[in-house]
Amino acid sequence: MPREIITLQVGQCGNQIGSEFWKQLCKEHGINAAGYLEEFAKPGIDRKDVFFYQSDDDHYVPRALLLDLEPRVIDSIKTSEYSGLYNQENIFVAEKGTGAGNNWANGYKQGESFYDDIFDMIDREADGSESLEGFLLTHSISGGTGSGMGSYILERLNDRFPKKIIQTYSVFPDDSSVVVQQYNSVLTLKRLIENADSTVVLDNNALHRIVGENLRIDQPTMDQTNSLVSTVMSASTTTLRYPGYMNNDLVGMLASLIPTPKCHFLITGYTPLSIDRQTESVRKTSVLDVMRRLLQPQNIMVSAPTKTGKYISILNIIQGDVDPTQIHNSLQRIREKRMATFIDWGPASIQIALSKKSPYIKSSHKVSGLMLANHTSVNHLFSHVIQQYDKVRKKNAFLANYTRESSEILQEFDTAREMLDDLVQEYKAAEQSDYINYHMNKEFNNNNSNNNNNYNNLQYQYGTA
């Protein structure tokens, strides 16, 4: 029985990386741009039905919704070679088409006003699934639509489908993307903390660095960085589409990566990197070589000092013709050389999922690998967001744009910042051996603080009676 996943592409960034993702999936499953199987494609060797369904004319249709408040990116998809791939009923563009103006509050408000339209589409896709496992959301946390409308959709999804997995591929901004990006980022991260089961962090700064340094491209285009993102997305879902003995569904894959609900922000690494045959980062590949490279900071798609923190968990998805003995020997070598530092309160081991390669894509590499990891150093990324937010908040810069949309937005800012700071402290605490007692101690300290405040209030009342 298939375990279907519905993809929601929200905003300009979400639709751009989503479009590249579907192109990659079509190549891997032998589906042409019109949605039909190529003549060379063999049936029965994969599970296309996780991400596609077949129409009456055997056309493979993505289980995807394309959502935006302005038409530019979606219009480019509708006029592209892959325009016939998508279900046109699953494309939504706001009638006015003016966008959210890089304003989270405006995007959220518009999402609220289009609730019926969007969730009619989601319900139709969910009802057409035999055994829906969950949702995959692609978006940016810093713009207006992907952050604001994306946040609203996340909240409502959690309400309507409380037992379904929600995984996001969330693009974090570089330092110069949008003037008010820190406001948008803080408000969106609050929703990701509360409503997502797993968030794969895609850091724009790190993506540009990897394309520039590893692939030696001086001025990478958006298409080239999006190509990296689509590679990560397709590799992270390969065990669902080409199932083996383990990690055949999203629940099983995430359960081992996320031992505590709050620490669900995952970092990624991929090797060998290539955008086309002219831009390959490494020539020789072996299992040990791939697993060693996955742990190197220059291959990790997050600007965080992974050498200083600790791994909570690691899942390496290895593709290619691999002997299990090679895996065992590679793990032993990594352990001996102490290439990865794990937390003290959990199992200190790298989990391996062996996956088949698509027979339809030729590669010059024998082995490739993706690392999905939960690492405490991701707190540096959140701390940076807080620091940048505090700078603009201190000056009350551009707040009028937000208060115009909602009278409660200032309180929302304070709550979101506090929640993000709590997440930073949570990841820092996870590095300590007594992390298991962290929440109990925190609650105990909070209760003591409240009791002291009550005692002081009583003293004040008694003294002034």
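Predicted model: local features only at pLDDT ≥ 70, side-chain atom pairs only at ≥ 80, totals over all residues.
## Sheet, core strand and pocket

Gln9 stands opposite Thr138 in strand E6. Residues are numbered from 1 along each chain as its sequence is written, and side-chain values use heavy atoms, with hydrogens and water left out. Helices (H or I, at least four residues) and strands (E, at least two) are DSSP runs, numbered from the N terminus.

**The sheet**

- An open, mixed sheet is built from 10 strands in the order E5-E4-E1-E6-E7-E8-E9-E12-E10-E11; two strands pair if DSSP finds at least two bridges between them.
- Its edges are strand E5 (91-93) and strand E11 (350-355), each pairing on one side only.
- On average, neighbouring strands of this sheet are turned by 20° against each other, direction ignored.

**Around E1 and E6**

- Strand E1 (residues 5-10) pairs in the parallel sense with strand E4 (residues 64-68) over 4 bridges, and Leu8 stands opposite Leu65 in E4.
- E1 also pairs with E6, again in the parallel sense, over 5 bridges.
- E6 and strand E7 (residues 165-172) are parallel partners over 7 bridges, with Ser140 opposite Val171 in E7.
- In strand E6 (residues 134-140), 7 of 7 residues are buried, where buried means under 20% relative accessible area (1.4 Å probe, protein chains only).
- Both faces of E6 are covered, with Gly134, Leu136, Thr138 and Ser140 on one side and Phe135, Leu137 and His139 on the other.

**The second largest pocket**

- This pocket (on a 1 Å grid over the protein atoms alone, an open set of points where a 1.4 Å probe fits, with protein on both sides within 12 Å along at least five of seven lines) is lined by residues with an atom within 4 Å of a point.
- Its volume is about 600 Å³, the space filled by probe spheres set on the points, which are joined across faces, edges and corners.
- Of the 33 lining residues, Gln12, Cys13, Gln16, Ser140 and Ser142 lie nearest its centre.
- Helices H1 (11-29), H5 (145-160), H7 (204-213) and H8 (222-236) each supply at least two lining residues, and H1 gives the largest share, 6 residues.

**Helix H6**

- Helix H6 (residues 181-195) has 15 residues and reaches 21 Å from its first C-alpha to its last, close to the 21 Å expected at 1.5 Å a residue, a span counted as 1.5 Å times one less than the number of residues.
- H6 is mostly covered, with 14 of its 15 residues buried.

Definitions and conventions
Buried < 20%, exposed > 50% of the residue type's maximum accessible area, 1.4 Å probe, protein only. Axes fitted to C-alpha atoms, helices over the stretch in contact; angles between N-to-C directions.
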